[in-house]
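Hello,

Here is the structure you will be taking over. Please open it first, then read the notes below.

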Amino acid sequence: MQNKIKVIVGLQWGDEGKGKFIDFLVSSENKNKKLVVARFQGGSNAGHSIEFGDRHIVFHALPSGMLNENAENLIGAGVNVDAVSLQKEIEEIKDIAPWWRKNLYLSREATVVVPTAKLMDNAQELERGVKKIGTTGRAIGPTYSDFYGRTDDLAVYEALDEDLFRKRYAEIRNSHLKILSGRFDLSIDEKELAEEEKKFFDGVEFLRGLQSVTCQGFVREKLSSDKEFLAEGAQGTLLDVRFGSRRDVTSSYTTSAGACVGLGAAPSDIGSVLGISKAYATRVGAGPFPTELGGKEAEEWAATKKKQDEADLSYDINEENAFRQGIALRNAGQEYGATTGRLRRCGWLDLPLLKYAIELNGVTELGITKLDVLDGLKEIEVCVGYENMPRPDMNRLREVRPVYKKLPGWQESTRGCTSYEKLPKEAQEYIKFIEKETGVPVTLISTGPGRNEMIIRK
Ligand code: GDP
Ligand code: IMO
Ligand code: MG
């Protein structure tokens, strides 16, 4: 008997609450069940938050099953591994996950991020000027480019072999420095680079102490066992390198298909796809966002301001001015980047894009997060279509004119609610509306960041 993979993906622009959902699935539903959690793409650009007691943990490359002893965790072949960041992540959880070494596996086919690739990420952003993507600066673009270019990439299996590593790294470093000083005309701060390299070499040494596996073999073995297999997506569908809006995207395949190419699994291994969406929408970094509250003004604000710039702005969630309402929503949802601390742009739920994401991923069930953030709104707006476009054309999203429907809000608190029946009638109606419009059942509703602040609705 072969097990199937349950893929968990974000349906928006990331930060939907994937980390919380994985941690919930691992810890709550399956107390005694053994599981595998496998990350299949991205790298330390991701920030997956988990509330663990009074601790706020943010995972970047580590799979979100690390805090449960029953879960084995795989960093899959499609992931970019930043050894320094990974080591730090593990340091932070050693006390609450003493099983970490036994439960963590690293794919030998994954790609290792080198220090000069981070310089390349910054140099490319500078070169883009006003068209900059607003990357996380974690070398994601350059590392994937090098992988697909098949020249300047460092594979985990190469890093694990001391002799091979020395030779490969020297070649890659040399090649990157040529590009940095040539094309980008950058003078390299040798001292700074040497410091980064020292940390990097320590990081690579650390990688050598981890359990390494061939990804396809590991996945096959686990699928043949009695373990439940969760594949954890990073970023979100609308940041997909091909089907997101070019070029304001990340550099990997963020959809459920990415689980196949990132893990060495077959499409028929996928049994179900849980798509996660906020009850509203957010985006961090540049790019089109049709339902953004405050439009262009809000986009520019988020690109230039920091969290502390908003500290004294206590706008009401029912504020009539859309720009200010957007700030109020950000405050209510604490929409500040888990990885970079940047302001997340905020807006209403966009059903055409949600349906697009559901189709791309083959979503079989929906998880809605942050319902509690909408508490107190008199009216909730939802984009139900575009006046001038029947289906989203991702590369013309800036042109669309959203059509909104207003749904009644609720005044009661839903924070921490664990029962659908106990939700205010309007909140139930909101969930039913999403189900009706998308044709996909909402099986999980999150009502707070905590592990148990979740409604299971089977
Ligand atoms: P991920 O990247 O998809 O894992 O999401 P992030 O961790 O980057 O962002 C989600 C943020 O929302 C985190 O700070 C979570 O603690 C928080 N969060 C998750 N679910 C809920 C929820 O239902 N309500 C509230 N208020 N916060 C939530
Ligand atoms: P999680 O997994 C939100 C965004 C960046 C930028 C674009 C490209 O926490 O949901 P990159 O560094 O990948 O080259 O940046 O993608 N981005 C994310 N936004 N959540 C993420 O991850 C993101 N990872 C990348 O802000 O716009
Ligand atoms: Mg995140």
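**A bridge, its sheet and a ligand**

In strand β9, Leu-154 is the bridge partner of Val-112. Keep in mind that this is a predicted model.

Start with the strands around that bridge. Strand β8 covers residues 111-112 and pairs with β9. The two run in the antiparallel sense, over two bridges. In general, strands of a sheet pair through backbone hydrogen bonds, either parallel or antiparallel. Here, three strands make up an open sheet, with mixed pairing. Their order is β6-β8-β9. The edges are β6 (80-81) and β9 (154-155), and each of these pairs on one side only.

Now turn to ligand 2. Where does ligand 2 sit? It is found in the largest pocket. Around ligand 2 there are 21 residues. Asp-15, Lys-18, His-48, Thr-136 and Thr-250 come nearest. By class, the shell holds 10 polar, eight nonpolar and three charged residues.

- Thr-250: a polar side-chain atom lies 2.6 Å from an oxygen atom of ligand 2.
- Gln-235: a backbone N or O atom is 2.8 Å from an oxygen atom of ligand 2.
- Val-284: a polar backbone atom is 3.0 Å from an oxygen atom of ligand 2.

How much of the accessible area of ligand 2 does the protein cover? On its own, ligand 2 has 550 Å² of accessible area, and the protein covers 98% of that.

Best wishes

Definitions and conventions. Residues numbered from 1 in each chain as written. Chains lettered and ligands numbered in written order. Predicted model: local features only at pLDDT ≥ 70, side-chain atom pairs only at ≥ 80, totals over all residues. Heavy atoms only, no water. Near = heavy atom within 4 Å. Polar contact = N/O pair within 3.5 Å; in protein donor to acceptor, adjacent residues only side chain to side chain. Areas by Shrake-Rupley, 256 points an atom, 1.4 Å probe, with all protein chains shown as cover. 1 Å grid on protein atoms, 1.4 Å probe; cavity = no way out; pocket = protein on both sides within 12 Å on 5 of 7 lines; lining within 4 Å. Sits in = over half its atoms within 2 Å of the grid points. Nonpolar A, V, L, I, M, F, W, Y, C, P; charged D, E, K, R; others polar. Pairing = 2+ DSSP bridges. Helix = DSSP H or I, 4+ residues; strand = E, 2+ residues; numbered from the N terminus.
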